[in-house]
Amino acid sequence: MKSTATSHRYLAVAAAFAALTIAHAALAQGLPKEGRYDFTACLSGTAAGIMFSKSHIGYSYEAMGTTRSNPPGGMMDNATFRCVGMNASLGGTNSQNTLCEAVDRDGDKQLAYVVLGPDGRVTREVLSGTGKYEGLQMSGIVIPQGTFPTIKPGTFQNCNQQTGNYKMK
């Protein structure tokens with residue numbers, strides 16, 4: 001009796017996995033060639049800084065995280081990313097320059113540049129892509145969603161919402 005119940009459980013898990021795999025493939029193929037994107041990126045990373053004075057600071061960082069699109073199945077849904085960058089505040093002038101690589105479940109990648117503009121807005125622009133993202137044009141804004149408590153000195157955790165427009169080949 002136990003082996004039949006266990007067998008049914010394994011079949012149910014296998015069927016659920018197959019359904020999720022097929023649904024993901026359908027979503028990837030069904031993504032419109034152009035439109036709006038809206039996703040949340042949550043990340044964690046390490047930082048190393050120079051605290052020269054209250055008005056002159058800078059730090060470099062590396063962060064990794066995941067994304068979820070709104071609604072599910074949209075651009076950047078369930079992707080993993082890694083970013084390296086540098087922020088500075090020099091005499092009241094702030095700067096941010098970040099380079100991020102993202103990979104989706106199919107192994108297709110995007111390379112994006114995130115920068116703090118003179119108007120105070122943080123923007124995201126795709127520089128290059130592979131697979132289905134080859135020739136992707138994507139730009140928009142990054143909206144911080146808050147910083148979380150630090151779990152270990154020298155680390156940070158946060159989330160942001162990214163929205164904008166995209167166009168694929």
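Two strands count as paired if DSSP finds at least two bridges between them. Keep that in mind for the first example. Thr80 stands opposite Val103 in β4. What we are looking at is a predicted model.

Let me start with the fold. The chain has 1 helix and 8 strands. Along the sequence the pattern reads α-β-β-β-β-β-β-β-β. The 8 strands close into a barrel, ordered β1-β2-β3-β4-β5-β6-β7-β8, with antiparallel pairing. On average, neighbouring strands of this sheet are turned by 25° against each other, direction ignored.

Some totals for the chain. Of its 169 residues, 32% count as buried. Its accessible surface is about 10700 Å², and carbon and sulfur atoms hold 62% of that. Now take the contacts with a separation of 6 or more. Residues 24 or more positions apart make up 47% of them.

Now we walk through the strands. Begin with β2, residues 56-69, and β3, residues 80-90. They pair in the antiparallel sense over 11 bridges. Tyr61 has Gly85 in β3 as its bridge partner.

Next, β3 to β4. Here 11 bridges join the two, again antiparallel. That is where Thr80 and Val103 sit opposite each other. The hairpin of β3 and β4 has 2 residues between the strands. In that hairpin, Gly91 takes a positive phi near 60°.

On to β4, residues 93-103, and β5, residues 109-116. They run antiparallel and are joined by 7 bridges. Cys100 stands opposite Ala112 in β5.

Then β5 and β6. How many bridges hold this antiparallel pair? There are 7 bridges between β5 and β6. Val114 faces Arg124 of β6 as its opposite residue. This hairpin has 5 residues between the strands, and Gly120 in it takes a positive phi near 90°.

And β6 to β7. Strand β7 covers residues 137-147. It runs antiparallel to β6, with 4 bridges joining them. Thr123 has Ile141 in β7 as its bridge partner.

One glycine deserves a stop. Gly45 is in strand β1, residues 34-53. Is Gly45 buried or exposed? Gly45 counts as buried, because its relative accessibility is 7% and the cut-off for buried is under 20%. Leaving out residues up to four places away in sequence, Gly45 touches Glu62, Ala63, Gly154, Thr155 and Phe156. Take Phe156. Gly45 and Phe156 are 111 residues apart in sequence. Their C-alpha atoms are 5.4 Å apart in space.

Now the surface. Which residues form a nonpolar patch there? Val84, Leu99, Leu111, Tyr113 and Leu127 do. Together they have about 380 Å² of accessible area. Leu127 lies in strand β6, residues 122-129. It counts as partly exposed because its relative accessibility is 48%. A general point on strands. In a regular strand the side chains alternate between the two faces of the sheet.

Last topic, charges. The structure holds 8 salt bridges.

First on my list, Arg68 with Asp77. Their closest N and O atoms are 3.5 Å apart. Arg68 is partly exposed, with a relative accessible area of 48%. Asp77 is buried, at 12%.

Next, Asp119 and Arg121. Their side chains meet in a salt bridge, 4.0 Å from N to O. Asp119 is exposed, with a relative accessible area of 56%. Arg121 is partly exposed, at 44%.

Then Lys132 with Asp108. Here the closest N and O atoms are 2.7 Å apart. This pair links distant parts of the chain. Lys132 is in the loop between β6 and β7, and Asp108 is in the loop between β4 and β5. They are 24 residues apart. Lys132 counts as partly exposed, because its relative accessibility is 24%. Asp108 is buried, with a relative accessible area of 15%. And the pair belongs to a network. Salt bridges that share partners join Asp104, Asp106, Asp108 and Lys132 into one.

To recap. We have a predicted model in which 8 strands close into an antiparallel barrel. A nonpolar patch on the surface includes Leu127. And one salt-bridge network includes Lys132 and Asp108.

Terms used. Residues numbered from 1 in each chain as written. Predicted model: local features only at pLDDT ≥ 70, side-chain atom pairs only at ≥ 80, totals over all residues. Heavy atoms only, no water. Patch = residues over 30% accessible without salt bridge, like charges linked within 9 Å, V, L, I, M, F, W, Y side chains within 5 Å. Areas by Shrake-Rupley, 256 points an atom, 1.4 Å probe, with all protein chains shown as cover. Buried < 20%, exposed > 50% of the residue type's maximum accessible area, 1.4 Å probe, protein only. Axes fitted to C-alpha atoms, helices over the stretch in contact; angles between N-to-C directions. Contact = heavy atoms within 4.5 Å.
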